[in-house]
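Please have the model open as you read.

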Amino acid sequence: MPHRISAVLVTVLVALVVACLSPWADGAKTKPVVDGPTPQWIWTNSLGDGQTIYLYKTFEMDGAPKSATLTASCDNHMRVAVNGKVVAQSDEWNEPATVDVTKLIKPGQNTIVVQAKNDGGVAAFVAAMKLDPRGQGRPRYVVTDTSWKVTPKAIDGWDKAGFDAVADWEAPKVIGKLGDGPWNNVFAAGGAAIPNGTLSVAEGFKVEQIYSVPKGTQGSWVSLTAGPKGELYASDQGGAGIYKIVPPALGSEDEATVTKVNVNVSNAHGMVWAFDSLYINRNGDGGGVWRITDSNGDGELDKAEQVVNVPGGGEHGPHAVIKTADGKGLYICAGNHTHIPPDLTGTNQPSNWDEDLLLPRQWDARGHARGILAPGGWVARISPDGKQQQLFANGFRNLYDIALNEDGEMFTFDSDMEWDFGLPWYRPTRICHIVSGAEFGWRSGAGKWPTYYPDSLPPVVEIGPASPTGVLFGTGAKFPAKWQRALFALDWTYGTIWAIHLKPDGASYDGKVEEFVSGKPLPVTDATIGTDGVFYFTVGGRGTQSGLYRVTYTGSDPTGHIGGDADDFADLRALRHKLEAFHGRQDAAAVATAYPYLGHADRHIRFAARIALEAQPVESWQSRVLGESDPEALITGAVALARQGKPEVRSQLLKALNGVNLAKLAESQQLEALRAYQLVFARMGRPSDADSDAVTAKLNPMYPSTSDNINRELCRLLVYLRAPGVVGRTIKLITEAGPTPAPEWQTVLDRNGGYGGTASAVAANMPPLQGIQLAYTLRNLRNGWTIEQRRAYFQFLREAANHPGGASFPGYLNNIRSEALANCSNVEREAVADLTGDKIQGAPDLASLPKPKGPGKDWQIDEVVKLAESKMHHRDFENGKRSFQAVLCAQCHRFDGFGGDIGPDLSSVGNKFSVADLLDSIINPSNVISDQYESTTITKKDGSDVTGRIVAEDNKTYKVSANPFAPNQLISVDKADVAKLTPSKVSAMVPKLINALNEDELLDLIAYLRSGGNRKDRMFK
């Protein structure tokens, strides 16, 4: 299903409640609790995918009740115990459990304990218990609210009698109240998939339901395709199977005929009839492309075999399958949580894809897609037998479906990350033109590329907040010409089928958006054009009530078939195709053909030419790029050479870029040039001091610009280069930025009270996007600040936090603040403590530190990693803290608000490094030295050296901290006496300090560091 069928559950009218009967309910069906105070949806504050939590509630009873009924629901799974007896469970939020628990309630204290699990995305639990007293008296209610307790830690014996929550459980986070979206009033009974009279449709069209899917036997349909003889095929999202539907003839009173296909496969997120077979792209177990055929010629499908293995599942897993324009193969696609097929035989996009981020990225503040790297979501072409598998395009977030227009051009509706509302890296859902070798720049967390990066391609049009599902063209529909040419894009969250009217524009397209069908609710999943020319679509998904609908034209305009019309840009598209023919293969004619188009005015032509060039041996075109005089061709060639060349040409490439007069270029070209610089550094490594100085001298005078986008990219580069004055100029931009204009999103947000409400609140009170982006970049810089600048920075973050945002908005701001604080000196921390609440504790007195107990040994990384794999339970927090001090870590490093500031803050190392990486940095500290903490060797004219950190300087003197154990003892060096400055290759940190520790001391130290100073971490239990 779409990327947020669990992450963004929208307003839907739920199916009939499936009651879970207790063994003591005498077989009577128990009615759900629908009266009394309104319960709240609750969860722990620390949300995570695949997370299991426990919820706990006690209540007192004066006597045994006459009756007691419990109703509960959970997104996604729950088991509920009352007084030590498991009474209910559910694996679907829209199938709440209702049980009679009268016989379990006793006088005195009673307990409810819940084990709840989240598969992914948003999560919440809701419950209500109604207790009717014996005799006279009003009913009593126990509902979920902040009086409950919750913990994300593993709990043994939670479902046993006598269980009592420990003292460190926390109050839950309230997600919303029963009745709010995305779940609506899940305790109320539902009905048909879509209430009658609630749909809107474009003028001249009629929409009608032709089948209501019996969920108990046929599931909830998420994919749909047309067969060759007027039949349709649909698949349940779960294991209920694949179904053949014969729709009733237009105007008849007959009902649709539905039969199950006799194969043991299901959960198809994409389906297509091709090569006398039904192909499906299966999600989950057995994921990938399956071919379903009629093995005995009786006209019924009965045999299924897998032809392509695509390991992956979930809502970012394998999705669509369609036929190629030439009729010789198939296209398949998958979301960003799905690896490319393991048997890939080729790729149109050079396969050395990377994150290509100049500065460290922050992962999503709530953990979504943490650690998932390029290439992101992808499209591949496969042969009918699956033996040929060619990656076609990549860089999507979670494209669910793909479609071809009559010219064979491919399009999709790619998803957004709605948790990023209010953040500068939020990208609305987008219609993308998928060309050969395309890269659309999705990167996890805050790493998403702006649309202007030349190593990616832009969207055709941005829709706004949505949850994309099916896409199709109106080709073959008995619709007027305008609608036959339209791309229809289905949005599950906001219940809309959009019509995107595409117009050729250069080698690509432009588009205008129009509403075709909409409803509140209308959880559309897929659509197809039948052989009868009718537009069919399904609603449902994720266990909700499903139905099959059709749209027909009732107006008077001609509806005959139309072909593709000639247009003014057909030649440019033909040129693009000519260049794309060289993608993914070496050809002696490629360089001569493609190189002249690196400077073409059309972005898609430049992109196609560059990808063709990158497929050829770099030595066949490198010298032409380095000697190029045309600015646009040089910039495009520099992007190619940065991606494919060797670090040895970095200086030559930077020299060539430095020769471009950026002031004479258009803004779009300046942005491309700045990106080229970034790629040189990201791919080829940090430049020499001389090269760094030359680039800084060129770019520093440009900052600030009058363009927000140019300022973003200049700030990135100048922070990376540690350019003088960048802090002051950036702070000025942050504090003087004007209000952020509201986005031009479509007016559909009121169709979902939950997520639409969040998006509406953000649009009505936009956070300072430019300031947040610049503050995010500036967090990386440790040196060059004044106290006033530090205070202005943290004051801005405080004020920005007052704006509304998506679910990850506050977490990102907190993480920006935390990383910026980690780059503050203790003096700076103290100066901003009133703005941050950060408590300052400096390095301890050396003489007061404890000594290692020992006996030590020469610890090796592999040895310790093996110990850590089996002995990281029942560790001793206090001994770990003692070891941290005993091996002098606290002298140079802050951890959990305590320690020196000579080296990096170690508070978050547990989230960043594996045990092996952590040990390597301790045992071999000189292997990797952060440029913000490196020492400098000052060679004097008399030949003597002074090595240490330059902590201050003026026009005449350097102040050097040479002793890490006495950092305040400074050596003054007159600049007049200095011959040269050289970055030291040796860390100030003494290697192998842990060799003084015994096994328990070392393992306790590792646990202490990885816990972030949390003595309640499970490693200490």
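1. I started with strand β28, which covers residues 410-414. Five of its five residues are buried, so β28 is largely enclosed by the rest of the structure. Please keep in mind that this is a predicted model.

2. The burial of β28 holds on both of its faces. Met-410, Thr-412 and Asp-414 lie on one side, Phe-411 and Phe-413 lie on the other, and all of them are buried.

3. What are the neighbours of β28? Strand β27 (residues 402-404) runs antiparallel to β28, and three bridges join the two. Ile-402 has Thr-412 of β28 as its bridge partner. The two strands form a hairpin with five residues between them. In that turn, Gly-408 has a positive phi of about 80 degrees.

4. Strand β29 (residues 429-434) is also joined to β28, here by five bridges, and again the strands run antiparallel. Met-410, one of the buried residues of β28, stands opposite Ile-434 in β29.

5. Next, a sheet elsewhere in the chain. Its five strands come in the order β22-β23-β25-β26-β24; the sheet is open and the pairing is mixed. Which strands stand at the edges? They are β22 (318-323) and β24 (346-347), and each has a single partner strand, so one side of each is left without a neighbour in the sheet.

6. Within that sheet, β23 (residues 330-334) pairs with β25 (residues 377-382) in the antiparallel sense, over five bridges. If you want a pair to check by eye, Leu-330 has Ile-382 in β25 as its bridge partner.

7. Now to the helices. The axes of α7 (residues 631-644) and α9 (residues 667-684) come within 9 Å and cross at roughly 20 degrees. That angle makes α7 roughly parallel to α9, and their crossing is left-handed.

8. Which residues make the contact of α7 with α9? From α7 come Glu-632, Ile-635, Ala-638, Val-639, Leu-641, Ala-642 and Arg-643, and they meet Gln-669, Glu-672, Ala-673, Ala-676, Leu-679, Val-680, Arg-683 and Met-684 in α9. By class, this contact has 10 nonpolar residues, one polar and four charged.

9. The axes of α14 (residues 769-778) and α16 (residues 809-822) come within 10 Å and cross at roughly 40 degrees. These two helices are therefore oblique to each other. Ile-772, Ala-775 and Tyr-776 in α14 meet Phe-809, Leu-813 and Ile-816 in α16. The residues of this contact divide into six nonpolar, no polar and no charged.

10. Thr-836 sits in helix α18 (residues 833-836). Is Thr-836 buried or exposed? Its relative accessibility is 11%, so Thr-836 counts as buried. Leaving out residues up to four places away in sequence, Thr-836 touches Phe-794, Arg-817 and Leu-821.

11. Finally, Ala-890 belongs to helix α21 (residues 889-892). With a relative accessibility of 0%, Ala-890 counts as buried. For a sense of scale, the C-alpha atoms of Ala-890 and Gly-230 are separated by 75 Å, and the two residues are 660 residues apart along the chain.

Definitions and conventions
Residues are numbered from 1 along each chain as its sequence is written. This is a predicted model: local features need pLDDT of at least 70, side-chain atom pairs count only at pLDDT 80 or more; totals for chains, interfaces and linings use all residues. Side-chain values use heavy atoms; hydrogens and water are left out. Axes are lines fitted to C-alpha atoms, for helices over the stretch in contact, and angles run from 0 to 180 degrees between N-to-C directions. Helices (H or I, at least four residues) and strands (E, at least two) are DSSP runs, numbered from the N terminus. Angles under 35 degrees count as roughly parallel, over 145 as roughly antiparallel, 65 to 115 as roughly perpendicular and the rest as oblique. A crossing is left-handed if the near helix is turned anticlockwise from the far one by less than a right angle, and right-handed if clockwise. Contact means heavy atoms within 4.5 Å. Ala, Val, Leu, Ile, Met, Phe, Trp, Tyr, Cys and Pro count as nonpolar, Asp, Glu, Lys and Arg as charged, and the others, Gly among them, as polar. Buried means under 20% relative accessible area, exposed over 50%, partly exposed in between (1.4 Å probe, protein chains only). Two strands pair if DSSP finds at least two bridges between them.
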